[in-house]
Amino acid sequence: MNFEGFKGHIYLIDDDPSIRRSLAFSLSSLRYSIQSFENPQAFLKDSLPISPAVILLDNRMPETSGLSLQNELIRQARKTPIIFISGESKPAEIIEALKKGAVDFLLKPFGLHELVHAIDLALQKDKTSLEQSVKAEKARQRFCSLTDKEREICGWMIKGFGNKEIANLNGSAASTVKLHRSRVLEKMGCNSLSELLDLAMDGDRRILNIFEPPRSATAPRLTGQ
(Lines give C-alpha, C1' and ligand atoms only; values in the text may rest on other atoms or scores of the structure.)
Protein backbone atom coordinates (compact mmCIF):
# COMPACT_ATOMS: atom_id res chain seq x y z
CA MET A 1 0.00 0.00 0.00
CA ASN A 2 0.96 3.64 -0.31
CA PHE A 3 2.22 4.61 3.16
CA GLU A 4 1.32 8.29 2.79
CA GLY A 5 -1.23 8.93 5.56
CA PHE A 6 -0.60 5.45 7.04
CA LYS A 7 -2.31 5.21 10.44
CA GLY A 8 -0.92 1.97 11.79
CA HIS A 9 -0.94 -1.81 11.50
CA ILE A 10 -3.69 -4.23 12.52
CA TYR A 11 -3.21 -7.93 13.25
CA LEU A 12 -6.70 -9.36 12.68
CA ILE A 13 -7.25 -12.79 14.27
CA ASP A 14 -10.65 -14.41 13.69
CA ASP A 15 -11.65 -17.92 12.62
CA ASP A 16 -14.58 -16.60 10.54
CA PRO A 17 -13.31 -15.82 7.00
CA SER A 18 -16.29 -13.57 6.22
CA ILE A 19 -15.49 -11.36 9.21
CA ARG A 20 -11.83 -11.24 8.24
CA ARG A 21 -12.71 -10.18 4.70
CA SER A 22 -15.25 -7.57 5.81
CA LEU A 23 -13.04 -5.97 8.47
CA ALA A 24 -9.93 -6.08 6.27
CA PHE A 25 -11.78 -4.30 3.45
CA SER A 26 -13.30 -1.62 5.72
CA LEU A 27 -10.14 -0.91 7.70
CA SER A 28 -7.70 -0.93 4.77
CA SER A 29 -9.86 1.72 3.08
CA LEU A 30 -9.26 3.89 6.17
CA ARG A 31 -5.44 3.78 5.73
CA TYR A 32 -4.61 0.95 8.12
CA SER A 33 -2.45 -1.96 6.97
CA ILE A 34 -3.88 -5.40 7.77
CA GLN A 35 -2.51 -8.88 8.40
CA SER A 36 -5.24 -11.50 8.79
CA PHE A 37 -4.91 -14.81 10.65
CA GLU A 38 -7.43 -17.60 11.14
CA ASN A 39 -6.08 -18.59 14.56
CA PRO A 40 -3.56 -17.55 17.24
CA GLN A 41 -1.06 -20.22 16.19
CA ALA A 42 -0.80 -18.70 12.70
CA PHE A 43 -0.32 -15.27 14.23
CA LEU A 44 2.52 -16.44 16.47
CA LYS A 45 4.17 -18.19 13.54
CA ASP A 46 3.82 -15.62 10.77
CA SER A 47 3.15 -12.14 12.17
CA LEU A 48 5.68 -9.48 11.22
CA PRO A 49 6.94 -7.16 13.99
CA ILE A 50 5.43 -3.75 13.17
CA SER A 51 4.76 -0.66 15.26
CA PRO A 52 2.50 1.13 15.89
CA ALA A 53 0.16 -1.85 15.79
CA VAL A 54 -2.87 -3.38 17.46
CA ILE A 55 -4.17 -6.94 17.72
CA LEU A 56 -7.86 -7.27 16.84
CA LEU A 57 -8.63 -10.59 18.49
CA ASP A 58 -11.68 -12.86 18.44
CA ASN A 59 -12.13 -14.50 21.84
CA ARG A 60 -14.01 -17.69 20.89
CA MET A 61 -12.13 -19.85 18.37
CA PRO A 62 -11.71 -23.60 17.85
CA GLU A 63 -8.88 -25.26 19.81
CA THR A 64 -7.83 -22.12 21.68
CA SER A 65 -9.14 -18.74 22.83
CA GLY A 66 -8.22 -15.12 22.58
CA LEU A 67 -7.56 -15.08 26.31
CA SER A 68 -5.00 -17.89 25.87
CA LEU A 69 -3.17 -15.82 23.27
CA GLN A 70 -3.26 -12.79 25.55
CA ASN A 71 -1.67 -14.87 28.33
CA GLU A 72 1.02 -16.15 25.97
CA LEU A 73 1.88 -12.64 24.77
CA ILE A 74 2.13 -11.49 28.39
CA ARG A 75 4.50 -14.42 29.05
CA GLN A 76 6.62 -13.36 26.06
CA ALA A 77 6.57 -9.71 27.22
CA ARG A 78 5.10 -8.74 23.85
CA LYS A 79 3.24 -5.51 24.46
CA THR A 80 1.22 -4.95 21.28
CA PRO A 81 -2.18 -3.65 22.51
CA ILE A 82 -5.18 -5.97 22.17
CA ILE A 83 -8.80 -5.22 21.30
CA PHE A 84 -11.07 -8.23 21.83
CA ILE A 85 -14.04 -8.83 19.53
CA SER A 86 -16.56 -11.50 20.44
CA GLY A 87 -20.02 -12.71 19.53
CA GLU A 88 -20.51 -14.04 23.03
CA SER A 89 -18.33 -13.93 26.12
CA LYS A 90 -18.92 -14.37 29.81
CA PRO A 91 -18.60 -11.30 32.05
CA ALA A 92 -15.70 -13.00 33.84
CA GLU A 93 -13.83 -13.32 30.52
CA ILE A 94 -14.34 -9.65 29.70
CA ILE A 95 -13.15 -8.60 33.16
CA GLU A 96 -10.09 -10.86 32.92
CA ALA A 97 -9.13 -9.49 29.49
CA LEU A 98 -9.42 -5.87 30.62
CA LYS A 99 -7.56 -6.49 33.89
CA LYS A 100 -4.69 -7.98 31.89
CA GLY A 101 -4.40 -4.86 29.76
CA ALA A 102 -6.80 -5.18 26.82
CA VAL A 103 -7.66 -1.75 25.42
CA ASP A 104 -11.31 -2.69 24.82
CA PHE A 105 -13.70 -5.64 24.55
CA LEU A 106 -16.26 -5.18 21.76
CA LEU A 107 -19.26 -7.45 21.38
CA LYS A 108 -20.39 -8.37 17.87
CA PRO A 109 -22.11 -6.73 16.09
CA PHE A 110 -20.30 -3.45 16.69
CA GLY A 111 -20.19 -0.26 14.65
CA LEU A 112 -17.20 0.72 12.53
CA HIS A 113 -16.94 4.09 14.31
CA GLU A 114 -16.74 2.34 17.68
CA LEU A 115 -14.08 -0.02 16.37
CA VAL A 116 -11.96 2.72 14.78
CA HIS A 117 -12.07 4.76 17.99
CA ALA A 118 -10.73 1.78 19.96
CA ILE A 119 -8.09 1.05 17.29
CA ASP A 120 -6.79 4.63 17.33
CA LEU A 121 -6.51 4.58 21.13
CA ALA A 122 -4.59 1.29 20.95
CA LEU A 123 -2.23 2.57 18.24
CA GLN A 124 -1.44 5.67 20.27
CA LYS A 125 -0.75 3.44 23.27
CA ASP A 126 1.63 1.30 21.22
CA LYS A 127 3.38 4.34 19.78
CA THR A 128 3.96 5.72 23.28
CA SER A 129 5.17 2.32 24.49
CA LEU A 130 7.67 2.12 21.62
CA GLU A 131 8.98 5.60 22.34
CA GLN A 132 9.47 4.67 25.99
CA SER A 133 11.24 1.42 25.03
CA VAL A 134 13.66 3.29 22.76
CA LYS A 135 14.26 5.83 25.51
CA ALA A 136 14.84 3.10 28.11
CA GLU A 137 17.30 1.28 25.85
CA LYS A 138 19.23 4.50 25.27
CA ALA A 139 19.41 5.12 29.03
CA ARG A 140 20.32 1.46 29.68
CA GLN A 141 23.24 1.56 27.23
CA ARG A 142 24.63 4.67 28.89
CA PHE A 143 24.06 3.22 32.36
CA CYS A 144 26.10 0.14 31.39
CA SER A 145 29.10 2.41 30.71
CA LEU A 146 29.23 3.40 34.40
CA THR A 147 31.45 1.75 36.98
CA ASP A 148 29.78 -0.19 39.81
CA LYS A 149 30.19 2.76 42.17
CA GLU A 150 28.86 5.21 39.58
CA ARG A 151 25.83 2.98 39.01
CA GLU A 152 25.14 3.02 42.72
CA ILE A 153 25.42 6.80 42.83
CA CYS A 154 23.26 7.12 39.72
CA GLY A 155 20.53 5.06 41.34
CA TRP A 156 20.48 7.32 44.40
CA MET A 157 20.50 10.44 42.22
CA ILE A 158 17.49 9.24 40.23
CA LYS A 159 15.65 8.58 43.48
CA GLY A 160 16.24 12.18 44.56
CA PHE A 161 19.02 11.85 47.13
CA GLY A 162 21.54 14.69 47.51
CA ASN A 163 25.32 14.40 47.98
CA LYS A 164 25.28 14.39 51.78
CA GLU A 165 22.43 11.88 51.92
CA ILE A 166 24.24 9.55 49.52
CA ALA A 167 27.44 9.92 51.51
CA ASN A 168 25.62 8.91 54.69
CA LEU A 169 24.06 5.93 52.93
CA ASN A 170 27.22 4.43 51.43
CA GLY A 171 29.84 5.70 53.88
CA SER A 172 31.71 7.89 51.38
CA ALA A 173 32.86 11.47 51.80
CA ALA A 174 30.54 14.08 50.31
CA SER A 175 33.40 15.29 48.10
CA THR A 176 33.81 11.75 46.70
CA VAL A 177 30.10 11.52 45.99
CA LYS A 178 30.27 14.90 44.23
CA LEU A 179 33.06 13.59 41.97
CA HIS A 180 31.12 10.42 41.14
CA ARG A 181 28.01 12.50 40.53
CA SER A 182 29.88 14.62 37.96
CA ARG A 183 31.14 11.50 36.16
CA VAL A 184 27.65 9.99 36.15
CA LEU A 185 26.20 13.05 34.44
CA GLU A 186 29.01 13.11 31.89
CA LYS A 187 28.73 9.42 30.97
CA MET A 188 24.93 9.57 30.86
CA GLY A 189 25.18 12.50 28.43
CA CYS A 190 23.39 14.92 30.76
CA ASN A 191 24.27 18.46 31.77
CA SER A 192 22.14 18.49 34.90
CA LEU A 193 20.18 16.33 37.31
CA SER A 194 16.93 17.37 35.61
CA GLU A 195 18.24 16.02 32.28
CA LEU A 196 19.20 12.76 34.00
CA LEU A 197 15.70 12.45 35.44
CA ASP A 198 14.15 13.14 32.04
CA LEU A 199 16.32 10.39 30.55
CA ALA A 200 15.58 7.87 33.29
CA MET A 201 11.83 8.41 33.72
CA ASP A 202 8.78 7.84 31.54
CA GLY A 203 6.00 10.29 30.82
CA ASP A 204 4.32 9.48 34.13
CA ARG A 205 7.57 10.17 36.01
CA ARG A 206 8.11 6.51 36.81
CA ILE A 207 11.69 5.24 36.78
CA LEU A 208 12.46 3.29 33.60
CA ASN A 209 13.93 -0.18 33.91
CA ILE A 210 17.51 0.76 33.04
CA PHE A 211 19.14 -1.31 35.79
CA GLU A 212 18.47 -4.72 34.22
CA PRO A 213 18.85 -6.12 30.68
CA PRO A 214 15.62 -6.44 28.65
CA ARG A 215 13.65 -9.64 29.11
CA SER A 216 14.07 -12.04 26.19
CA ALA A 217 11.13 -13.81 24.60
CA THR A 218 10.86 -17.59 24.67
CA ALA A 219 9.10 -20.17 22.54
CA PRO A 220 5.33 -19.76 22.28
CA ARG A 221 2.94 -21.92 24.27
CA LEU A 222 -0.82 -21.90 23.79
CA THR A 223 -3.36 -23.71 25.91
CA GLY A 224 -6.90 -24.63 24.97
CA GLN A 225 -10.04 -22.88 26.11
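Which residue lies over the face of Trp156? Lys159 does, and the views below begin with this residue. The model is predicted: local features need pLDDT of at least 70 and side-chain atom pairs count only at pLDDT 80 or more, while totals for chains, interfaces and linings use all residues. Residues are numbered from 1 along each chain as its sequence is written, and side-chain values use heavy atoms, leaving out hydrogens and water.

**View 1. Lys159 over the ring of Trp156.** Here Lys159 is 5.8 Å from the ring centre. A charge sits over a ring if NZ of Lys or CZ of Arg is within 6 Å of the ring centre and within 35 degrees of the ring normal.

**View 2. Tyr11 meets Phe43 edge-to-face.** The whole structure holds four aromatic pairs (rings of Phe, Tyr and the six-membered ring of Trp, with centres within 6.5 Å; planes under 30 degrees apart are stacked, over 60 edge-to-face, the rest tilted). In the pair shown, the ring centres of Tyr11 and Phe43 are 5.3 Å apart and the planes stand at 80°.

**View 3. Phe37, Phe43 and Tyr11 as a cluster of ring pairs.** Tyr11 has 0% relative accessibility, so this residue counts as buried (under 20% relative accessible area; exposed is over 50%, partly exposed in between, with a 1.4 Å probe and protein chains only). Phe43 is buried too, also at 0%. Phe37 and Phe43 pair edge-to-face, 5.6 Å centre to centre with 85° between the planes.
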